[in-house]
Amino acid sequence: MSISEAMQSAARDVLASGQVQRVIGYETGPHGRVRPAIIDRPEEAERLVWSADCTHNLTVYLHRALTGENGRASREAVAPPARVAIVVKPCDSRAINVLLAEHQFSREQVFAIGMACEGMRQGAPASAPEATLQARCLRCRERVPVVHDVLLGEPPSALPEALPDEALAHVRDLPPAERAAFWLSQFDRCIRCYACRQACPMCNCPTCLFEQEDALWVGMRIAPSEKRTFHLGRALHLAGRCVGCNECERVCPMGIPIGLLNRHLAETVESLYGHRAGMQPVLSPVTGMLSAEESAP
Amino acid sequence: MSTADGADPMYPLLGRLVSSRDMGREIKLLGVKLLNGTQPRFPAYAPGQFAFLSAFGIGEAPFGLASTTERGEVLEFAVQRLGSVTTGLHELAEGDALGVRGPLGNTFPMEAFQHKNLLVLGGGIGGAPLRPVIHSVLDHRQDYGQLTILWAARHPSLLIFRDEYESWRAAPHTELHLTVDEADAAWDHHVGLMTDLVRQVAPSAANTVAITCGPPIMIYHVDKLLSELGFAPEQRYVTLEARMHCGLGKCGRCNMGELLVCRDGPVFSMAQVGNFLESYL
Amino acid sequence: MYEPKVIGFLCTWCSYTGADSAGTSRLKTPWNLRAVRVPCSGRVAPELILRAFDQGADGVLVLGCHIGECHYDSGNHRAAKRIPLLLSILEFAGMQPERLRLDWVSASEGDRYARIVSEFVDALRPLGPNTWRINGAAPRADAAIGMPLPAASGLSGGAPCP
Amino acid sequence: MKTLSRENLNLWLDGLAAQHALIAPHLEAPGVFYRPVQRAQEIAWEAGRPVLSAKEFLFPPSERLLKVEKRGPDVRLEASPSAAPQVIFGLRPCDARGIRVLDTAFVDTPPIDSRYASRRENTLLVGLACRSMGASCFCTAVGLAPDDPRDMDVMFSDRGATLAVQALTPRGEALIANLPLVEELGEVEPASRREVGGLPTAEAWKESYSDARWAKHGERCLSCRLCAYVCPTCRCYDVRDEALPSPPGEAHFERLRAWDSCMREGYRLTAGGHNPRAASGSRLRNRLLCKFVYYPHQYGPAACTGCGRCLDACPVNLDLLEIGGALQEAAQ
């Protein structure tokens, strides 16, 4: 049985036995592109696939599915499913821990179909058909989801060496003025489509701080200073919470390296507080109190 | 092209707040006079139309014109404080400048209403665009049949135009029924939803036109009830609300299916609304 | 010498009173600081500081009560956690770290207030004007920047140009 | 057929850039964008479809509608200046059609939108025919062609060493009046077409309104505005006043308009707090029906140019052709 078939079978079982009312997984759409699939019936399980193109972090749908927001018309209000199964990679599963710590839902509401992961393929442009792993996967040594109720696939016994984050080091090593110019030129491309925010499982505020009608922080102009404030502010809101799934960067239509900001702060938080987001269901230390030794005068 | 001569339809006329009167909790009746000078006059307008008011420095929002051209040049708007623009308008002092853009939208077919009985149903701040209808009927009383006004609010403190009820009641062939969802100690009228009041008054559909404005959920249930009482879709009018930014059929915000509330409305007969692809609810 | 424009967010319970205390003791403090009185250093959201820099501040100084003395118990803990992160991301985005400082001044520490403000302003002067504020358009990423960027997703299916 | 040598074309473009703002496809870090260029050399000739359409040069992401100056109780308003002349070169037929579609809403349907009209009057559209269609292009499904010259002022077609030139409007003729054109025998070779089927008729789109699949598609939609912002014809906007630096005793503001999209969750929220389009499926349906039913009803033309950007850019691969194809099948 292939891993795809094992996943289909797991999804079919939990739906058929009534353990869950919905499964969030992957399917293949037009042009062979893999995309999220949300199924409610056991017979739909045959659509599900697993491959090195299942790059999306599906946990963004968990909160919406379990709270019943979005997806269903208000007038045809359907009770949200009590429990949802979700296919997770190691990185995605850490998002579940963050959301659990933030009380977005309870562990019992989630059935995690964990996938042993060997990395996701770079979105293959027509010119480079040969499969190369995404940079984030080359840096990653996690092979087993930290949250799973069932584990599919065999985690490899020997792990390849994780590559260092060369892009991050490169930007950090630029002289300050060049770094400022680099980021301004990147933020300038932003069109404020908010795909980065909408694809992020952690960005689940009912109204984004940067879109309040009487926002003190940021205006509505699609202009460099507003865009810079949005991106830096969003990165700060994700400090200690970002699990590095890199969805924000993947979905950006303008190719802005948003992930660099998140990685920089993730490293800062780790060095300051020894915290890596989502390894356990605990809150980001950034929102808490100083520890006893830190608060000593 | 976009010069200050008023050619740009997004360019507001300057006006001055000549009166700002509390009508209810967080509801004010604003009186606006256009500034003289090179500005063109505010054109004649008819019941059902709306205009944008600018609280400069905050933004602009559309409001139903609550006055009639016939009763004077002061433009009146009933404004409930709900968001940033309405707060800005509430905070203006008499004499302060504000912007006006309009009149916009279509009108109630007052001529077609002549010699008919009118049933006017206003819920909360939704009563504001109906006041011009009431004033027009009262000012040409002989042209219309029986006028029955059903006026509702969640609470007595949210009823609008309370100081006019006497004059409405005193007019010939005119009756006014009030209801609130939740009464206070002084309340001695009906308590209950607008639909309860409609059932109690039980208006006859014969030669009658019903005009409703209020929250979407009220419009929906009142309309259903009127239909049960024998009002045909052509006898049932509504004026709909949608947040919009231009009022000119450009910004795209107010579409209800293929129709634009600002351009094709805000006044619709239920014969039209029933054919909309998209519901206002 | 360039005279920097400094925005000071001062906690009303300690630091603002500390500033008063510096004044009544006739201690000399640089005039460069525009004080904004806030209820607590924990109220100073990073976005407020970003806004100050966006609007042309050369430096931002956040002063609160000493740890353990917060009027709201833990407000200054929040500031102590957030502001280093803001500093970190600002530095990563190209701002000189000298332009943002968080410190503690109690109501009685007029001398400490005067010293911190002087130190802060003295450190800013040699940096000159802050280039953070954007006037007009941002530079475009024309040149090779020595690192791979994610491909713009709109690119993948386009027709070849003639 | 009139032709122009590549050398002369470059000279002409250099000259244009010196006189007007010249906008052309330009390779910028991660992709090709329509950008202002200073010289012909900066133009990306052998590149894919630009990431964004050219609509931003007529309908900018944000712009000032007017300036407000408050002094005590008095207010002074100041209109924004008229637009400066610009030439968009290397425009693709789908993007030119996008501008033509925007014209119908902003200029052809009264009242005229002054800001847009001022830019439009000062803009010349100089096209470059696509030689073939990209993988996600479906211009042929909406009645266009990869070398469709109809919405251009001037159209160029690449023939290797020379380019065929055709003026389509009097303004276009004036623009190329002084070019050293050469009369050559033969015809311009048409671009290679690929027929793309499956797009429903307007009637079928309309009938799909109550199709249950909209809710299903909506479950996948992230409610970002990517599809709307890369779209050559999406033109919804938001308006608000924002503070400007002011002299003492005065308060200055600008009234801004900025792109907005019906894909946003709170887009249709009314003042009373009711949201008739709370479900993401209803927002997705609104956007697609707007293209094929609402926009034609309101302004005339269908508002899809088949550029295929939304197909490529959607983070979760919501695919207009797939959604439409299924609806068309259901209708039959």
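**Exercise 1.** Which residue forms a salt bridge with Glu73(B), and how far apart are the closest N and O atoms?

*Solution.* Keep in mind that we're working with a predicted model. Start with the partner: Glu73(B) pairs with Lys33(B), and their closest N and O atoms are 3.9 Å apart. Glu73(B) sits in the loop between β4 (59-64) and β5 (75-80) of chain B, while Lys33(B) belongs to strand β2 (residues 27-34), so the pair links distant parts of the chain, 40 residues apart. Finally, check exposure: Glu73(B) has a relative accessible area of 59% and is exposed because that is over 50%. Lys33(B), at 34%, is partly exposed.

**Exercise 2.** Work out whether the partners in the salt bridge between Glu27(A) and Arg35(A) are buried or exposed.

*Solution.* First, the distance: the closest N and O atoms of this pair are 3.0 Å apart. Now the cut-off: buried means under 20% relative accessible area. Glu27(A) comes in at 6%, so it counts as buried. Arg35(A), at 3%, counts as buried too. Both also belong to a network of salt bridges whose members include Arg41(A) and Arg220(D).

**Exercise 3.** Describe how chain C meets chain A.

*Solution.* Begin with the contacts: 38 residues of chain C touch 58 residues of chain A. Then take the area: about 4,000 Å² is buried between them, with carbon and sulfur atoms giving 66%. Lys81(C), Leu85(C) and Phe92(C) supply 21% of what chain C buries there. Last, look for charge pairs: the interface has 2 salt bridges, and Arg228(A) forms a salt bridge with Asp54(C) at 3.0 Å between the closest N and O atoms.

Key: Residues are numbered from 1 along each chain as its sequence is written. Chains are lettered from A and ligands numbered from 1 in the order in which they are written. This is a predicted model: local features need pLDDT of at least 70, side-chain atom pairs count only at pLDDT 80 or more; totals for chains, interfaces and linings use all residues. Side-chain values use heavy atoms; hydrogens and water are left out. Contact means heavy atoms within 4.5 Å. Buried area is the accessible area (1.4 Å probe) that two parts lose on being put together, summed over both. A salt bridge is a side-chain nitrogen of Lys or Arg within 4 Å of a carboxyl oxygen of Asp or Glu. Buried means under 20% relative accessible area, exposed over 50%, partly exposed in between (1.4 Å probe, protein chains only). Helices (H or I, at least four residues) and strands (E, at least two) are DSSP runs, numbered from the N terminus.
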